[in-house]
Amino acid sequence: MKKSMMFLVFCAIGLMVFLSSCSTNTNVTPVATTETASETSVMSTTTTETMSDTNEHIHSFGEWVTTKEPTCTETGEKERYCSCGEKQTQTIAAQGHSFGAWNTIKKATCTEEGVQERVCSCGAKETSAIPMIDHHYVNYVCDVCGKVNASEGLEYSLKNNTYIVTGRGSCNDSTLVIPNEHNGKPVTAIGKDAFRGNSFVNLFIPDSITSIEYGAFSHSWNLKSVTIPASVTHLGDYIFDFCQKLEKATFMGSVDSFGQGMFYGCKALKEITLPSGITTIGDSAFLFCERLTSVTIPEGVQFIDSFAFCDCKNLSTIKFPSSLIKIDGYAFNGCNKLNTIWFQGNRSQWSKIAIDSDGNSPLIKANIKFN
Ligand SMILES: [Zn+2]
Ligand SMILES: [Zn+2]
Ligand SMILES: [Zn+2]
């Protein structure tokens, strides 16, 4: 058995050598010596068939053998042989990259796209953009880029390359959010009478605003509370007069003046934090602020003008700064509940303050406490 097998193999090799001479292929490569026994026997069979065919050889190819592995980007090659030595080669398509998961290289923000990258085992990298994300508004301002989620449709006028917001225009928002920029330029002022007689409930003033002009929010009858940012350094007169639902007003910074009628007729005003930097509480500034129970006049104020707190019927406590020089007539007229005055100076300083006694009897009757 063993001998006859060897004999057959020997004959097969002999035949192959013989038949290779019939090939026209000059690039004959010997059959891979690593071929398995079964493949060898297939070739033998083929040879036998060929032999039985009257001299006409029909190629019968073995298995494809890869001679060059394809990569991600380059083609490979494979070949197969007939027992006659005829070789066929074929291209193996490039495999294409096989990328891993995307890795964020740079996070997207509300102003810039992000970047992500993925890598193939071959080392090739691919990057792509991550779309911008929405602004993250906290109290109307994006805490990433500073953009204000502003009301739209407002009216503006351009002056010295900055915008003044001059009116409501088509805006119907119940929360009026003044923008910090318009057409790429800063909005720095709220113009005269800009929002007079409007019905918004909430108001946001951004820190681009440096000036609020006369009557800007006058008679805004639904306005509940307002915070004036520290950026505001100029205030006109009568800005909030007759905002009858206004309960709370806070000035964050220092302004040049606190003029006439600022909160005149604000019947609901309970809490007021005055700005620093002022020397005068203007005429009628708090006239008819019936809900006001206590007020602190900031240090630096020298003058309290006529009717400043007139008819603040519930005002019971007031704190005066040591800088005070003069209180005009009727400043505290009708403040019948006024009982305590805290003075930040001493008795001798107090005695030097020029108090017009006309219409100021509540002030004169109140207890004075020195600090
Ligand atoms: Zn052949
Ligand atoms: Zn690759
Ligand atoms: Zn943003």
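In the hairpin of β9 and β10, N160 takes a positive phi near 50°, and two residues sit between the strands. Strands here are DSSP E runs of at least two residues (helices are H or I runs of at least four), numbered from the N terminus. This is a predicted model, where local features need pLDDT of at least 70 and side-chain atom pairs count only at pLDDT 80 or more, while totals for chains, interfaces and linings use all residues. Residues are numbered from 1 along each chain as its sequence is written, with chains lettered from A and ligands numbered from 1 in the order in which they are written.

**Strand pairing**

Two strands pair if DSSP finds at least two bridges between them.

| Strands | Sense | Bridges | A residue pair |
|---|---|---|---|
| β9 (155–159) and β10 (162–167) | antiparallel | five bridges | L158 and Y163 |
| β2 (76–81) and β3 | antiparallel | six bridges | E79 and T89 |

So what order do the strands of the open three-stranded sheet take? They run β1-β2-β3, with antiparallel pairing. Its edges are β1 (65–68) and β3 (87–92), each of which pairs on one side only. From one strand to the next, the twist averages 30°; the axes behind that angle are lines fitted to C-alpha atoms (for helices, over the stretch in contact), and angles run from 0 to 180 degrees between N-to-C directions.

**The nonpolar core**

The largest nonpolar core holds 72 residues, and I178, F240, F263, F286, F309 and A331 have the most contacts inside it. Elements giving two or more residues to this core include β10, β11 (175–177), β13 and β23. Such a core is a set of buried Ala, Val, Leu, Ile, Met, Phe, Trp, Tyr and Cys residues joined through C-beta atoms within 7 Å.

Take F286: beyond its neighbours within four places in sequence, F286 is in contact (C-beta atoms, placed from the backbone, within 7 Å) with F263, L292, A308, F309 and C312.

**A loop leucine**

L324 lies in the loop between β23 (317–320) and β24 (326–327). Why does L324 count as buried? Because L324 has 24 C-beta neighbours inside 10 Å; buried takes 20 or more other C-beta atoms within 10 Å, exposed 12 or fewer, and partly exposed is in between, with C-beta atoms placed from the backbone. Leaving aside neighbours within four places in sequence, L324 is in contact with V301, Q302 and I353. L324 and G345 are 21 residues apart in sequence, and 9.2 Å apart in space, C-alpha to C-alpha.

Terms used: Two residues are in contact if their C-beta atoms, placed from the backbone, lie within 7 Å.
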